[in-house]
Amino acid sequence: MHWLIKTLTRVSKSTTNKTKIDTLLFSRHFTSVAAAETAELGPTKSGEKPRVVVLGSGWAGCRLMKDIDTSIYDVVCVSPRNHMVFTPLLASTCVGTLEFRSVAEHIGRIQPAISTEPGSYLFLANCTALDTQKHQVHCQTVTDGLAKLDPRKFRISYDKLIIASGAEASTFGINGVKEHAIFLREVHDAQEIRRKLLLNLMMSDVPGVSDEEKRRLLHCVVVGGGPTGVEFSGELSDFITRDVHQRYSHVKDYIHVTLIEANEILSSFDDRLRKYATKQLTKSGVHLVRGIVKDVQPQNIVLTDGTTVPYGLLVWSTGVGPSPFVQALDIPKAPGGRIGIDEWLRVPSVPDVFSIGDCCGYLESTGKPTLPALAQVAERQGLYLAKVLNMIGKGGGGYANAAGEMELGKPFVYKHLGSMATVGRYKALVDLRQSKEGKGLSLAGFVSWFIWRSAYFSRLVSWRNKLYVAVNWATTGAFGRDISRL
């Protein structure tokens, strides 16, 4: 039991700003069959609130935790990170426009009960298995590869389980992608991109480096012409124009950006906006290539037409697919391998289990198409499900197997609010159509860029994030981007 107390002891702030060690809480709630066996957070007891276990801390999971009624439920979050990432602004952190902490918010700030309530917890762990018969999830702590820390396994009993574990970047089985490319989905991805970019800039200035090697080192290749790939290319081109040309003048003529897309860039946007984006990116110095990647090597990528493209930095942004955890679950799947859900976001074949976000999709029997893997979809699913769970809890159905045939109200309905993307140089696209074939307002240019910034600023998680972002934007405008390699 000693390792459990040592590993899972947490410090939370009380209302008087004094700290307390929650060792006794864990000792009371966790039980162990034997010292060497798996510990567990057991079923809720008489007099305790029903327990909602949330797997994941993305848009869907965090919105649900924010709106769930903690006077009804205890909330337990299991996630490999202790924060939520505001992904629409993540590309800006790669080049120093924003600092990393500006786009991250601790889960304890999103749902204070995680830090203050005795029955609510945040566990830095991955879910490894699901036992729906026993209403348990099996977890393993995250150690970040530290050799001195052994991963610990434990079980958590749930009354209601919310699977919001997200998706992972799609590689389409292409050789070498996971080994040599960098994905842009987490803060650590942005940190790696920034370190690699600045390292290549400094290495290319070392005496004895040939012109050919300089061009390779300073060739930034982005694969994927969706909003993330386009926005990162735009940020990168701005960084080159405004900062590299000033502070790395010796190599400014060698650095360039290539964006590779199999079809049209920003395929979900209006045709007029796509043409505008193509024109602006080309004007900014981004080389657009239509092609399909066949193989990724340590210093080159090979296209299906045989073209070899050398690179110093390779960013992969080609969409997402189900994670190994989701694929391994023995439950019905939606088209594409996602967790199958009904119109109320329930997993129909399993009692007390719901799923939201990128990891789930409608079952074919519902007759509904799979929703896109967008932040606005996930966030509204989290908001909807929080209301449903609150209603269930108030009706006395919060405990395991207690909801029965309780009426859940209206099913979830998604209405697309539009799409936005920046293309650099104070230009952006705003497409307010509800579908690709529908009609609606579409804008491009400086006004769209102002709308883009205003919309995302208003959607930031907390006032703390808003203050950080506002200060970062102001300092970047006045003094340029931060090019320190930390």
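Tutor: First, the ground rules. This is a predicted model, where local features need pLDDT of at least 70, side-chain atom pairs count only at pLDDT 80 or more, and totals for chains, interfaces and linings use all residues. Residues are numbered from 1 along each chain as its sequence is written, and side-chain values use heavy atoms, with hydrogens and water left out.

Student: Fine. In what order do the 3 strands of the open sheet come?

Tutor: The order is β26-β27-β28, with antiparallel pairing. Helices (H or I, at least four residues) and strands (E, at least two) are DSSP runs, numbered from the N terminus. Two strands pair if DSSP finds at least two bridges between them.

Student: Which strands stand at the edges?

Tutor: β26 (419-424) and β28 (442-445) do. Each has a single partner strand, so one side of each is left without a neighbour in the sheet. The twist averages 10 degrees from one strand to the next. Axes are lines fitted to C-alpha atoms, for helices over the stretch in contact, and angles run from 0 to 180 degrees between N-to-C directions.

Student: How many bridges pair β26 with β27?

Tutor: 5 bridges, in the antiparallel sense, with β27 covering residues 427-431. Met420 has Val430 in β27 as its bridge partner.

Student: Which helix packs on that sheet?

Tutor: Helix α14 (residues 446-459), touching β26, β27 and β28. Contact means heavy atoms within 4.5 Å. The direction of α14 makes about 75 degrees with that of β27.

Student: Switching to β12. Which way do its side chains point?

Tutor: β12 covers residues 160-163. Lys160 and Ile162 point one way, Leu161 and Ile163 the other way, and all are buried. Buried means under 20% relative accessible area, exposed over 50%, partly exposed in between (1.4 Å probe, protein chains only). In a regular strand the side chains alternate between the two faces of the sheet.

Student: And which strands does β12 join?

Tutor: Strand β5 (residues 51-55) is joined to β12 by 4 bridges, running parallel. β24 is joined to β12 by 3 bridges, also parallel. Ile163 is the bridge partner of Leu55 and stands opposite Ser355 in β24.

Student: How many cavities of 30 Å³ or more are there?

Tutor: The count comes to 1. On a 1 Å grid over the protein atoms alone, a cavity is a set of points where a 1.4 Å probe fits but cannot get out; lining residues have an atom within 4 Å of a point. Grid points are joined across faces, edges and corners, and a volume is the space filled by probe spheres set on the points. The largest cavity has a volume of about 70 Å³.

Student: What lines it, the largest cavity?

Tutor: 13 residues, with Arg338, Gly357, Cys360, Leu371 and Gln381 nearest its centre. β25 (360-362) and α13 (375-394) are the elements giving two or more residues to the lining. β25 gives the most, with 3 residues.

Student: Which residues have a positive phi although not glycine?

Tutor: Asp352, at about 65 degrees, and Asn401, at about 60 degrees. Asp352 lies in the loop between β23 (339-341) and β24 (353-355). Asn401 is in the loop between α13 and β26.

Student: Is Asp352 buried or exposed? And Asn401, buried or exposed?

Tutor: Asp352 counts as buried, at 11% relative accessibility. Asn401 is exposed, with a relative accessible area of 56%.

Notes. On a 1 Å grid over the protein atoms alone, a cavity is a set of points where a 1.4 Å probe fits but cannot get out, and a pocket is an open set with protein on both sides within 12 Å along at least five of seven lines; lining residues have an atom within 4 Å of a point.
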